[in-house]
Amino acid sequence: PSNRIAPVAANGLASLNALAPGRIHFGVATGFTARRSMGLPPVKLDEMKEYIRVVRGLLAGETVEAQLEGRRRKIRFLNPELGLVNLRDPIPLHISALGPRVRQYAAEVGARFVVPVGTLAGAEAQMKLIREARRAAGRDQATLEVTAMGNGCVLADGEPYDSPRAIAQAGPGLVIILHDLVEETAHVSTPRPQVPALAVALDAFRKIYESYTPADARYLELHRGHLMTVRPEEAKLVTAELVRAMTFTGPIAAIRDKLRALRDMGYARFNTHVRHGHPRMAEDWARVAEGV
């Protein structure tokens, strides 16, 4: 939210909605790399809630009060009748809600949820917490929509979990977990649970992190290649054990089984990323989806 003021975000969404009616979604979170790549912590929950209030109000065609440069000002879309923006087709709200307070807020406003997943056990635990929050907010479970965001590599027959291709495609999603955890003490008060293989990788990565310069801005090096590449010093940490344990990597049939398990838990969709330099990933994952 801090990187783009709410009126500009609303205008961008409404403009896109004019080009692709009904296909535009508003996804929001307190900020990971978008903030940390500038040495900043996530925004406060109250700030995100205010941002969402303004964006949603504008998209609903309302006149809303917004805090702009320290002053409250009434704002709205001035010329929707020209057809340059589309305020008619609804734009669903998706919130990345991992903590209890933001999860409860997302349930209260009826937002859709976005959950990063690496293991089926973790996905199931998150779904349980989301359902509990929805229940507390009096929301109908039948209308719940949750997107699982995962990553991995569709392996060829006999291809190992630590092949160069598997590391290039599954690795970026793994190393950003290390990026998050190594900075966590500076930005988040409560560490998250770690699987044993991840704890070993994190201990090794701390030494790498401490070598980054300048010492007062290590984040500049840390967040290079986020979700696109694995840097040379990180590649040795992306082991077959870690790829197998924490990503959706495997033969096509095995990945389909995992996606079916997510569906059975109640997840509505699965999103993954196409890595820089690997455009055929889109075709690989399309083949996976066809059989689910």
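In this predicted model, helices H11 and H12 cross with right-handed geometry. H11 spans residues 252–265, and H12 spans residues 281–290. Their axes lie 9 Å apart. The packing angle is about 60°. H11 is therefore oblique to H12.

The contact draws on residues from both helices. H11 contributes Ile252, Ile255, Arg256 and Leu259. On the H12 side, these meet Trp285, Arg287 and Val288. By class, the contact of H11 with H12 holds 5 nonpolar residues and 2 charged ones. No polar residue takes part.

Strand pairing was examined next. Strand S6 covers residues 146–149 and runs parallel to strand S5, residues 112–116. The two strands are joined by 4 bridges. Within this pairing, Val114 has Thr147 in S6 as its bridge partner. Helix H5, residues 120–136, belongs to a β-α-β unit with S5 and S6. This unit is right-handed.

S6 also pairs with strand S9, residues 269–271. Here 3 bridges join the strands, and the direction is again parallel. Met149 stands opposite Asn271 in S9.

Definitions and conventions
Residues numbered from 1 in each chain as written. Predicted model: local features only at pLDDT ≥ 70, side-chain atom pairs only at ≥ 80, totals over all residues. Heavy atoms only, no water. Pairing = 2+ DSSP bridges. Right-handed = clockwise from strand over helix to strand, strands pointing away. Axes fitted to C-alpha atoms, helices over the stretch in contact; angles between N-to-C directions. Parallel < 35°, antiparallel > 145°, perpendicular 65-115°, else oblique. Left-handed = near helix turned anticlockwise from the far one by under 90°. Contact = heavy atoms within 4.5 Å. Nonpolar A, V, L, I, M, F, W, Y, C, P; charged D, E, K, R; others polar.
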